[in-house]
Amino acid sequence: MIDLHLFEFPLNLIAAAAFLLAAALVASKPQGRSAVSDVLGGRTFSVVLLLSAALLMAVEGSFGLEIEHTAGFAAFVLLLMLSLSIVTVRNVRSRRPLPSVLSHGGLLLILFTGFFGAPDFIDARLVAIREEASHIAVNTRAEAVPLPFDVRLEEFEVDCYPDGVSPKQYSSTLDINGERHVTSVNHPCRVDGFLIYQSGYDTENGRYSVLKVVRDPWLPFVLLGMAVLAAGALLELRKTWNNRAVLPAALVLAVLFGFISLARINMGTLAPALRSFWFVPHLIIYMLAYSLMALSLVLGITSFFVKRPLLRLSGKLLRTSSSLLLLGMLCGAVWAKAAWGDYWTWDPKECWAAATWLLTLAGTHLPEAKGRLAFVASVLLSFLAMQMTWYGVNYLPSSKNSMHTYNSK
């Protein structure tokens, strides 16, 4: 396992600069002038990388092996970023459509800042009590993390629904260096560059509150990458369906599937973490993406038996589903950051959602007409991965550590 603590600032900044220099040297080679650059920036290699990444996500999501902390995984991410660098530079040079430039560039920015910024990420727990202030938190390695402020619990409250039993919100009123701050689920407070989240509490008498203290100096760049990636997905949707009648139809479908999905949820006793602005769009976008993926699979299989232009429509639906899956995942990432302090936690459901998106992305890199069987196979794999994301994760060995297995409870 890699100890990220060894690569904290300024070593990670030096490593990031070295990577940028190497990537610039490789990406600067014109197409056809460098065999290495041509291979790493080629479509075939891109598909191999996407399928490999999907497999890694599926394995991690199934067994929780923490492969993200291994040297092999780090090498894979560096290779993926190098490939993305080459493709992004070539897209700009050849004046490829803006959606392609933004999608590759946004993903590169997220991976780059997330990878090299990870050593500077602080994730620690602090127990705030009523009697005395504390400035020592404990990180995931059981190491003491001194904070630049003192925290004391003034009051802890549980706001319940009208039934008087189901919790609606947890909140802690804190005295931090003599100033009053309130933190609650989905609403962290910010102090001296740290975000303080409501994580747990004394279930017997509310004498103490468990707080999660997070510092992520690279976060603004990650959020910028998310915004660029989302813009690329939205423009890709517009490019795929250049028809005014499509948007109203999509909105009708979104509302329909949204109501179907929300009808299964007891909104009257919704858990505090689910009481977020991002909950409804996250759910509706995913439901629409899943439905379109299923339709893409049906049309793809039917194209083997019916001599009609169904394969092209299947490809459009898959590209649409891929863009929507990405948007749904980004909504979930922003929501997770607000609720739990991290936009990505390697949760089983997160990993399988990423695997599903990566498989659809691999399918969009396969030309439908020139590789019908491979294309339909990619849609089928995406559909099966989607089933694992929605249902199967509840029965996997890793589910005991998941925050998303409430469907089975």
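Predicted model: local features only at pLDDT ≥ 70, side-chain atom pairs only at ≥ 80, totals over all residues.
1. Two strands are said to pair if DSSP finds at least two bridges between them, and strands (E, at least two residues), like helices (H or I, at least four residues), are DSSP runs numbered from the N terminus.

2. Residues are numbered from 1 along each chain as its sequence is written, and side-chain values use heavy atoms, with hydrogens and water left out.

3. Strand β3 also runs antiparallel to β4 (residues 167–176), to which 9 bridges join it. One of the bridge pairs is D159 with Q169 in β4. The hairpin of β3 and β4 has 6 residues between the strands, and in this hairpin G164 takes a positive phi near 75°.

4. Turning to the helices, the axes of α1 (residues 11–27) and α4 (residues 71–93) come within 9 Å and cross at roughly 50°, where axes are lines fitted to C-alpha atoms, for helices over the stretch in contact, and angles run from 0 to 180 degrees between N-to-C directions. That angle makes α1 oblique to α4 (under 35 degrees counts as roughly parallel, over 145 as roughly antiparallel, 65 to 115 as roughly perpendicular and the rest as oblique).

5. Which residues of α1 meet α4? They are F19, A23, V26 and A27, and they meet L78, M81, L82, S85, I86, V89 and R93 in α4, contact meaning heavy atoms within 4.5 Å.

6. Helix α8 (residues 279–302) and helix α9 (residues 310–340) pack at an angle of about 160°, with their axes 8 Å apart. That makes α8 roughly antiparallel to α9.

7. Finally, A374 is found in helix α11 (residues 372–390). Is A374 buried, exposed or partly exposed? A374 is partly exposed, because its relative accessible area is 42% (buried means under 20%, exposed over 50%, and partly exposed in between, with a 1.4 Å probe and protein chains only). The C-alpha atoms of A374 and G363, which lie 11 residues apart along the chain, are separated by 8.1 Å.
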